[in-house]
Amino acid sequence: MSKIFELYGYRLDCWNAEATANREKAWCPFMDAECDGGGNRYLSALDISKNPNLGKFFPGKTIVQSGVCSLRLRDTEQPWIVCPRRLLSLKGQKSNYQTHVREQLIKYSNLEQGKRYRAWSEVKIKVETTNDDDEAKSFDYTFDYILAGTSRKKLSEAAELIGKGLSTTQKIAEDNQYTLASRNGEIWIDDFPSDPIVIVEIMTSSTSGGDKKKRTQIAMACEDAIVSPENHHGPGINYRQIWARMVSQLIVKSQVGIAWNGKTIWLLQNLLAQYISSTTALNLSKYNSQNPDEVNILAFGYGEIDANFPAPIIELRNSTFYAGPITENADNSVSKGFVDIVKIGAPPEKEHLWRSLFKKRPCGQII
């Protein structure tokens, strides 16, 4: 039965006073800020006023986000990460628990160690474009993070770029904490975004809807784990939704990185990478690499979880890098590459269909 493995960053099976103090603030140690539910779990927030039993666990709080970082489906298996902040957060202060993830991201992005690169989160771009045949196309995507370097740009050039006046452009620069300097009567932005560009996409597992009667919905599971850690049940993993979310964006966002003369790096858990290899025509092990390519995947895992000497917060240190072309021509002229992620791994034999139909009552007939 599924159980919550990490709650507000701390292992539930080795809870201690430090974890309790952290939970009282509903704090995420990976963001070094109050938990935001991963940025997409607001409907699962805990309303303390509706559950008086939670009041003593969150003194002074009225609403807190469900701080479920990961789920363990079985005691002998690796946990599934269900919150993107658990894998990587570039918001706020640098996390002491994600050093390896950051180092690997810098390494495979070919960014210079020690040089400053800024990060923007949830960057939405919605524009109308045209292709090589002058056909109208639309682009509507949100990027988890964009990393970019800096360069000097005249304020007047920035104003022309965004289609605003000088005073409005200057206010935007000041509000967004850019550095302005005056040189020879001209105002410059000293740290305007510039190459190199790295798109960072984080894909973690989705949870199943859960059962309200069995209290396996994410918010209920969180409440029960807080009140009685030993007596709670978590939701399952929605494998199909994981694949659908990723396959719809993997190639597109990788192509965008190439078009911008940059790179796109996908951050996954190794369990998810294994699931992709086992269910699609894409065998990631064939793309184990040391150098980036058109499609790039960094997979991280917990490694050996030591039950005898458990750390209250686990840093993900096991990592594997996969890289390869979107498509490549094999010897038999069949197009292969990361595009294989959209293909079925292997079709089932027809006998499986007959077996399923025979075991199910027909719903009707057509004449």
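Because the model is predicted, local features need pLDDT of at least 70 and side-chain atom pairs count only at pLDDT 80 or more, whereas totals for chains, interfaces and linings use all residues. Residues are numbered from 1 along each chain as its sequence is written, and side-chain values use heavy atoms, with hydrogens and water left out.

The protein has 10 helices and 17 strands, where helices (H or I, at least four residues) and strands (E, at least two) are DSSP runs numbered from the N terminus. Along its principal axes the C-alpha trace spans about 75 × 65 × 50 Å. Of the 367 residues, 43% count as buried, a class that means under 20% relative accessible area, with exposed meaning over 50% and partly exposed in between (1.4 Å probe, protein chains only). The accessible surface comes to about 20600 Å², and 49% of this belongs to carbon and sulfur atoms; such areas come from the Shrake-Rupley method with a 1.4 Å probe, and for residues only the protein chains shown count as cover. Among contacts (heavy atoms within 4.5 Å) between residues at least 6 apart in sequence, 68% join residues at least 24 apart.

The largest pocket has a volume of about 690 Å³. On a 1 Å grid over the protein atoms alone, a pocket is an open set of points where a 1.4 Å probe fits, with protein on both sides within 12 Å along at least five of seven lines, and lining residues have an atom within 4 Å of a point. Grid points are joined across faces, edges and corners, and the volume is the space filled by probe spheres set on the points. This pocket is lined by 31 residues, of which Gly38, Asn40, Pro84, Thr204 and Arg245 lie nearest its centre. Helix H2 (84–87), strands S9 (118–130), S10 (136–154) and S12 (186–203), and helix H7 (239–247) each supply at least two residues of the lining. By class, the lining has 8 nonpolar, 15 polar and 8 charged residues, with Ala, Val, Leu, Ile, Met, Phe, Trp, Tyr, Cys and Pro counted as nonpolar, Asp, Glu, Lys and Arg as charged, and the others, Gly among them, as polar.

Glutamine 269 is found in strand S13 (residues 263–269) and is buried, with a relative accessible area of 3%. Leaving aside residues up to four places away in sequence, glutamine 269 touches Pro79, Trp80, Ile81, Leu87, Met203, Ala299, Phe300 and Tyr302.

A search of the whole structure finds 14 salt bridges, each a side-chain nitrogen of Lys or Arg within 4 Å of a carboxyl oxygen of Asp or Glu. In one of them, the side chains of arginine 152 and aspartate 190 meet at 3.7 Å, N to O. That pair links distant parts of the chain, with arginine 152 in strand S10 and aspartate 190 in strand S12, 38 residues apart. Arginine 152 counts as exposed at 53% relative accessibility, whereas aspartate 190 is partly exposed at 22%. Aspartate 190 also forms a salt bridge with arginine 183, the closest N and O atoms being 2.9 Å apart, so that Arg152, Arg183 and Asp190 are linked in a network of salt bridges.
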